[in-house]
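Reader: Could you take one part of this protein and walk me through it slowly?

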Amino acid sequence: MIKKILLALLAVVLLLGIWQWEVISYAFLQAKGQIGILMQVEQVEDVLGDKAFPDSLKARIRLIQEIKKFGVDSLGLTPSDNYTTFYNQHGRPLIWLITASERYKVAPHQWHFPIVGTFPYKGYFDSTRAVLEEKSLIEKGLDTDIGEVSAWSTLGYLKDPILSGMLRRRDGSLANLILHELTHGTLFVKNNLELNENLASFVGDQGAIRFLTYKYGRESEQMRIYEHAKRYNDAYSQHMLRGAGRLDSLYNTFGHQPKPNRQRDSLKTKLITDIISDTDTLLSGKRTFTNKNRWPDGKLPNNAYFISYLTYKSRQDTFRQEFEQKFGGDLKRYLNYLKGKYPSL
């Protein structure tokens, strides 16, 4: 009897393995990549005590420690062991992120994973695997976008290390990045990545302003640099969100389940060209940016490019209004409210 039960259980496990083989194999690859990094990290104390490690980079590590402490003490982010270790990338990217969208609709292709939920992107520690995944999506008729990632969060399950690439960032950008990732470890709602990323972007931005004010002063050079970049980045994000809306308005004229054809593709290409061309003069009509810098090969983006702006920036005004009107700009109180409002993993 026991033998029959064990055989039945084994059959169930095998069937589940076959059914979820893609998820299991992907999880294995991700675990392998993550463990490969964690096996090579150094303790921050050892790096700071290493006489051969440049003092200028030690100062950047200490700044990250200060940003993290500010996030916990002043913003109410959850304490963790993140950023207590250091990983040297040796100038190499670590992870590639893929997004995808339908040909005539700006809507994210979704990937489903047990426990953590649904995501509008998929990451790989292996660029070859990422390219193969992108090729498969293209063959299915989807628009795709693939890019390198500068940081990620394991949501508190592992110790996220300081990456050497982080140390090249300016103070405000670095504060934004660290506080963004720490927000994920504080509040992460299953199957609502748009909320998670928009919230982390909001806290990262508002937290960076408060950290720079605390450390350097409201009129400091560090604040001036950050706010200048923020003005353009905010304008660019809003322009891309409007562009996504313009594209969907165009696609709605194509009817339901339109088949690909040259005329529709031509209209799509023309509109995307117009959207990208208009980024040259986003701030007060001044030429602040040229398309050649962002698109050196002359290749236009497609629908998938706009997905990240929907994921990370589409709810910023909603958060800002609630934050200012109901909580008087008190970021710690607002974050505590959100932690109580949303169930977190």
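Are phenylalanine 70 and phenylalanine 211 buried or exposed?

Author: Both phenylalanine 70 and phenylalanine 211 are buried, where buried means under 20% relative accessible area, exposed over 50% and partly exposed in between, with a 1.4 Å probe and protein chains only. A quick heads-up: this is a predicted model, where local features need pLDDT of at least 70, side-chain atom pairs count only at pLDDT 80 or more, and totals for chains, interfaces and linings use all residues. Residues are numbered from 1 along each chain as its sequence is written, and side-chain values use heavy atoms, leaving out hydrogens and water.

Now for the rings. The count comes to 22 aromatic pairs; rings of Phe, Tyr and Trp (its six-membered ring) pair if their centres lie within 6.5 Å, and planes under 30 degrees apart are stacked, over 60 edge-to-face, the rest tilted. Phenylalanine 70 and phenylalanine 211 have ring centres 5.6 Å apart and planes at 75°, so they sit edge-to-face. Phenylalanine 70 is in helix α4 (residues 55-75) and phenylalanine 211 in helix α7 (residues 193-216), so this pair ties together parts 141 residues apart in sequence. Helices here are DSSP runs (H or I, at least four residues), numbered from the N terminus.

Next, take phenylalanine 323 and tyrosine 334: their ring centres are 5.8 Å apart with planes at 45°, so that pair is tilted. Phenylalanine 323 belongs to helix α12 (residues 316-327) and tyrosine 334 to helix α13 (residues 331-341), so the pair ties together parts 11 residues apart in sequence. Phenylalanine 323 counts as buried at 2% relative accessibility, and tyrosine 334 is buried at 1%. Ring pairs also link these two into a cluster with Phe202, Phe319, Phe327 and Tyr337.

Methods:
Helices (H or I, at least four residues) and strands (E, at least two) are DSSP runs, numbered from the N terminus.
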